[in-house]
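Please read these notes with the structure open beside you. They are numbered so that each point can be checked on its own.

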Amino acid sequence: MILVFGSLNMDLALSVERLPKPGETVLGPSYVLTPGGKGANQAVAAARAGAETRMIGTVGDDEFGRMALNALQRQGVDTSGIIKGAKPTGCAAILVSPQAENQIGVASGANLETLAASVPNDRLGPGTTLLMQMEVPENEIWALARHAKSRGARVVLNLAPVRPVPPASLKDLDVLICNEHEAASLATSLGAPPGRDPTQVIGALAKGLGLTFIVTLGARGAMAATPTERWLVDALQIKPVDTTGAGDAFCGAFTAALDRRTPIQGALERANVAGALACMALGAQEALPRRQTIEERLLSSPRAFKSA
Ligand code: ADP
C-alpha cells in the first residue's frame, strides 16, 4: 500500500505565446483549471499505475478543496486521511509556452497545516511505501520519515521543490528522487564542489548512505544509483505537449512498481514510460497514464542498462 503525505492544490494553467519577463504581460487564448499539487498528482499517478493508494494532506473548507478531493476519489485514492484546515486550499498559477516550457507560482495555503502526527500508526508498517515531496512543512517530512522508517515502512522522497536535507534525515530514506537541478543543488548543499558531475556525487551518496538515488534527466531519460549498481534508461522519443506532470508521473509509477516489489531496473523503465506519456497532454493529473498503458508502451520502449 502506498501512503502519500503531501500537497493538494488547484492548478490554473494558461497556454501563452511565450513566458513573460518580470513586469511583462503576455496573452493566451484560454486556461484550464485542474487538480494538482505534487502530493495529489503523485497519489493519482500511483493509483493509475495500479497501486492501492491513500493520501494524507490538508485542504481548505472551500470549492477548490472539494474539487481537489473529488478528483482523488474519482481515481480511487483513499482520502479519509485528508483534513480540512483553516487556510484556503493551495493554488498554483502555471504558464506554458508553445515549446512546452513552464513557469509556476504556488500559494501553499492549507498545505502548510499538514502534520506528521495526523498519520495513524496503523497506516505505517512493513507493508507501507511512504511517498513524500517538499510542498508540506519540511520538519513534518523529516519527522514522518524517521517514524515511518522505525516502523518498517519504505520511505521514498521526491526532493521537489528542492531544499537542503538534514544529513541525519538522509539515513531515513530508502529512495530519493530528484531532477537534474535538484540533484545538483542537493550535492552542493552536502558539500560537493559546485560544478562537479552530479552523477558521481549521486553514486557516492547512494553507497555512503545505503539508499537508492534516482535522477530524472528530462528528454534524456533517467538514472538510478543503488549502493552497488548504476542503471540508465534513455527517454522515449516523443513530441511533448506539456511537461508539467512528468516528474510526478515518474515518481508515482516508480513507487507503485516498488510497492509491488519490482526490481529497480523494471521500476525505472516503467517510471520512464509514465513520465514520457504524461508529457503528451495538458494538465497534471488527467495526463497520468494507467498501468495497462504503461505496460503496453513498455514493450516498445528503451530498456534500462547497467553503467559503470
Ligand atoms: P521534472 O518534471 O521533475 O523536472 P523531468 O523533466 O526530469 O522531471 O521528467 C521526469 C521524467 O519524465 C524523465 O526522467 C523522463 O522519463 C520523462 N520525460 C520528461 N520530459 C521528457 C521528454 N521531453 N521526452 C521523453 N520523456 C520525458
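1. The model is a predicted one.

2. In the side chain of T216, an N or O atom is 2.7 Å from an oxygen atom of the ligand. The side chain of N272 also has an N or O atom 2.7 Å from a ligand oxygen atom. On its own the ligand has 550 Å² of accessible area, and the protein covers 84% of that.

3. Next, consider a pair of helices. Helix 8 spans residues 264–278 and helix 9 spans residues 291–298. Their axes come within 9 Å and cross at roughly 105°. Angles of 65 to 115 degrees count as roughly perpendicular, and helix 8 and helix 9 are therefore roughly perpendicular to each other. On the helix 8 side, the contact is made by E269, R270, V273, A274 and L277. Helix 9 contributes T293, I294, E295, R297 and L298. Sorted by class, this contact has 5 nonpolar, 4 charged and 1 polar residues.

4. A160 and P161 are joined by a cis peptide bond, with omega about -10°. P161 sits in the loop between strand 9 (154–158) and helix 4 (167–170).

5. The other detail concerns R261, whose phi is positive, at about 65°, although this residue is not a glycine. R261 lies in the loop that runs between helix 7 (246–259) and helix 8.

Key: Residues numbered from 1 in each chain as written. Predicted model: local features only at pLDDT ≥ 70, side-chain atom pairs only at ≥ 80, totals over all residues. Heavy atoms only, no water. Axes fitted to C-alpha atoms, helices over the stretch in contact; angles between N-to-C directions. Helix = DSSP H or I, 4+ residues; strand = E, 2+ residues; numbered from the N terminus. Parallel < 35°, antiparallel > 145°, perpendicular 65-115°, else oblique. Contact = heavy atoms within 4.5 Å. Nonpolar A, V, L, I, M, F, W, Y, C, P; charged D, E, K, R; others polar. Polar contact = N/O pair within 3.5 Å; in protein donor to acceptor, adjacent residues only side chain to side chain. Areas by Shrake-Rupley, 256 points an atom, 1.4 Å probe, with all protein chains shown as cover.
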